[in-house]
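Hello,

Here is the structure I promised to send you. Have a look at it first, and then read on for what turned up in it.

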Amino acid sequence: MITIFSPDHALHDAPHEFLDGKLIAPHESPIRVRMILEALERADIGPIQSPRAFDLDPIRAVHDNDYLAYLAQAYERWVGAGGDAAAVLPSTLAVRWMSRRSVGPLVAPGYYSFDLSAPIVAGTYRAARAAADAALTGAALLLEGQRLAYALCRPPGHHAGSDLYGGYCYLNNAAIAAHFLGVGSWELADGGRSSQLSTPSSQLPARVAVLDIDFHHGNGTQQIFYERADVLFVSIHADPAREYPYFAGYADERGAGAGAGLNLNFPLEAGVTNARYLAVLEQALAAIADFAPRFLVLSAGFDTFGGDPIGDFALTADAYPLIGQRIAQLGLPTLVVQEGGYAVAALGENATGLLRGLCAM
Ligand code: SP5
Ligand code: ZN
């Protein structure tokens, strides 16, 4: 199994996040991927490669162009206009009946974000591009015939929508990779196992499933694919009636238009055990098998772990190899994209556990 990792993740190092009325030390920090990387090296689980450099085209396929231009310049414009040099964090958010476009340097953050947990620092955009490149490289490896790749992305991505950031996420790495896998198959016959060109008449994107097992609902990924027939989104997460992101992720959100029926949410109660989780996972996997996708993108968060500081599930380390094994039994070429997980001391064991399970197919 190939891991894709860029040290550029460390360029994003937020000084704080705003949570429950307080400015606190950020839960999402560079130590997270350092812990995972060290565990992968100790476990000798396969080669670790640098991402290839992609241009903006595969990112523009998922994100709004103005949004990308904003992210690229947000910090410099903010500081230039007198914003605090520590980080970009808005004071006023565009919401419901107050959502007129207004994008001056100090207010654009409120137009393009939906919460106060995702500060932008000088290196945020470069780190986010490196994470997207890692996911795209993993997707390219699957198109070239690999069966399993792990994009060790940071910052994470599944809360980022087409033109909104939040929840520690700026670019939706999993969505960018999923779209790339679908259209990438235009160029490739045989599920990407050979590099034979397919016939021009079959130019429909391949079906891709995204399974999101982060503790939090992947609201950004849901939004991006909500009306699409070629991507199935399935998410197992804390009930948003109780947990972040609160305003999306309910079971009755089933997709719309051409995507009707292709968005599937499993909101769960607090205290979810290994056995309960694995039972729900069976339902999620059955829906994916029915869809019969060519590829699977797994948005993998480890904030489902019982020791996580912002989660309330009760999974133990033993759960992750079992989750990996069951997902591997789908028999699909799979790209694992790193999302959340904030119990830093346990991240290495939990991530290697999932990957070992996925390898054991
Ligand atoms: C990628 C990812 O996992 N993002 C998560 C962002 C969550 N931010 C808000 C967390 C709210 C936590 N509230 C309960 C904490 C005490 N149980
Ligand atoms: Zn999460």
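Before we start, one term: a polar contact is a pair of N or O atoms within 3.5 Å. Please also keep in mind that this is a predicted model.

With that cut-off in hand, look at Asp303: a polar atom of its side chain lies 3.1 Å from an oxygen atom of ligand 1. Tyr342 also reaches an oxygen atom of ligand 1, with a side-chain N or O atom at 2.6 Å. On its own, ligand 1 has 500 Å² of accessible area, and the protein covers 83% of that.

Where does ligand 1 sit? You will find ligand 1 in the largest pocket. The shell around ligand 1 is made up of six nonpolar, five polar and two charged residues. Of these 13 residues, the nearest are His159, Gly167, His216, Asp303 and Tyr342.

Now for the metal. Asp214 (OD), His216 (ND1) and Asp303 (OD) coordinate the zinc ion (ligand 2) at 1.9 to 2.1 Å. Along the chain, the donors of the zinc ion follow the spacing D-x1-H-x86-D. Why is the arrangement around the zinc ion irregular? It is irregular because the four donor atoms subtend angles of 99 to 136 degrees, whereas a tetrahedral site needs all angles between 85 and 135 degrees.

Happy exploring!

Note on methods: Residues numbered from 1 in each chain as written. Chains lettered and ligands numbered in written order. Predicted model: local features only at pLDDT ≥ 70, side-chain atom pairs only at ≥ 80, totals over all residues. Heavy atoms only, no water. Near = heavy atom within 4 Å. Polar contact = N/O pair within 3.5 Å; in protein donor to acceptor, adjacent residues only side chain to side chain. Areas by Shrake-Rupley, 256 points an atom, 1.4 Å probe, with all protein chains shown as cover. 1 Å grid on protein atoms, 1.4 Å probe; cavity = no way out; pocket = protein on both sides within 12 Å on 5 of 7 lines; lining within 4 Å. Sits in = over half its atoms within 2 Å of the grid points. Nonpolar A, V, L, I, M, F, W, Y, C, P; charged D, E, K, R; others polar. Donors = N, O, S within 2.8 Å, 3.2 Å for Na, K, Ca; no water. Tetrahedral: all angles 85-135°; square planar, octahedral: opposite > 155°, others 65-115°.
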